[in-house]
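The following note sets out some points on the structure shown below. The points move from individual residues to the chain as a whole.

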Amino acid sequence: MTSKLKWRLLVPELFSCADILAIAARDSVVALGGPSWNVALGRRDSTTASKDAATKDIPSPLMDLSALISAFAQKGFNTQEMVALAGAHTTGQARCQLFRGRLYNETNIESNFATSLKPNCPSSSGDSNLSPLDVTTSVIFDNAYFKNLINKKGLLHSDQQLFSGGSTDSQVTTYSNDPAAFYADFASAMVKMGNLSPLTGKSGEIRTNCHKVN
């Protein structure tokens, strides 16, 4: 437990839930072997909650490359930052319903990889069945995700779009060969993401219970 998390337990009004989430995201990456970065503090918590508002700008896993680039650009991220952030898919899982179309309808997928996934993701059932986003090192934060893309083993359509003969192929290749470059760019992009329109000053509140407003 970090010192800031200990302080949160002792004096909850000092640190917001938003700050704790930002710290936890960084520390989770570090715990899995990934890079660290400085987390600026001082965010405040929202006094409302909306699932639709929280998810409406999340890029779809069905997006093509041009749509992905546009979605990230709307938030101020360039293409290199987009590819770096996509590298977070070196860990985590996705539901069958999000990649079924890729398994059964797309051709830029390694055949043995597709075959291995189909028992857990049938063509007409198993929507909620999970598969790892990174087929090689799913619980380690490394650059294997990019190597998978080069080998046509991206789980999501949007993943494989990053290496499909388009403008991001060269960046994927760079990260597949240079984990230090990926780590540095990912950390930088995460700092930038952490500065996307946070509530500060007198906006919002510091929740004493993260599950509900004060």
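Where does leucine 32 lie?

1. Leucine 32 is placed in the loop that runs between α2 (17-31) and α3 (51-55). The model is a predicted one, and this should be kept in mind for each point below.

2. Helix α2 holds arginine 26. Is this arginine 26 buried or exposed? Its relative accessible area is 15%, so arginine 26 counts as buried, the cut-off being under 20%. With residues up to four places away in sequence left out, arginine 26 touches Ser36, Trp37 and Val39.

3. Helix α5, which comprises residues 79-86, is mostly covered, with six of its eight residues buried. These buried residues are Glu81, Met82, Val83, Ala84, Leu85 and Ala86. Against which helices do the buried residues of α5 pack? Their partners are α4 (65-73), α8 (144-150), α10 (169-177) and α11 (179-194).

4. The N-terminal end of α5 is capped by asparagine 78. In this cap, a side-chain oxygen of asparagine 78 is found 3.2 Å from the backbone nitrogen of glutamine 80.

5. As for the overall fold, the protein chain contains eleven helices and two strands. Read from the N terminus, its elements follow the order α-α-α-α-α-β-α-α-β-α-α-α-α. The radius of gyration of the protein chain is 19 Å, close to the 17 Å given by the globule rule for 214 residues, so the chain is as compact as a globular protein of that length. The C-alpha trace spans about 55 × 40 × 30 Å along its principal axes.

6. Contacts and surface complete the description. Among the contacts in the protein chain with a separation of 6 or more, 68% are between residues 24 or more positions apart. Of the 214 residues in the protein chain, 35% are buried. The protein chain exposes about 11,500 Å², and carbon and sulfur atoms supply 55% of this area.

Note on methods: Residues are numbered from 1 along each chain as its sequence is written. This is a predicted model: local features need pLDDT of at least 70, side-chain atom pairs count only at pLDDT 80 or more; totals for chains, interfaces and linings use all residues. Side-chain values use heavy atoms; hydrogens and water are left out. Helices (H or I, at least four residues) and strands (E, at least two) are DSSP runs, numbered from the N terminus. Buried means under 20% relative accessible area, exposed over 50%, partly exposed in between (1.4 Å probe, protein chains only). Contact means heavy atoms within 4.5 Å. A polar contact is a pair of N or O atoms within 3.5 Å; within protein, one must be able to donate a hydrogen and the other to accept it, and residues adjacent in sequence count only if both atoms are side-chain atoms. The radius of gyration is taken over C-alpha atoms; the globule rule is 2.2 Å times the number of residues to the power 0.38. Accessible areas come from the Shrake-Rupley method with a 1.4 Å probe; for residues, only the protein chains shown count as cover.
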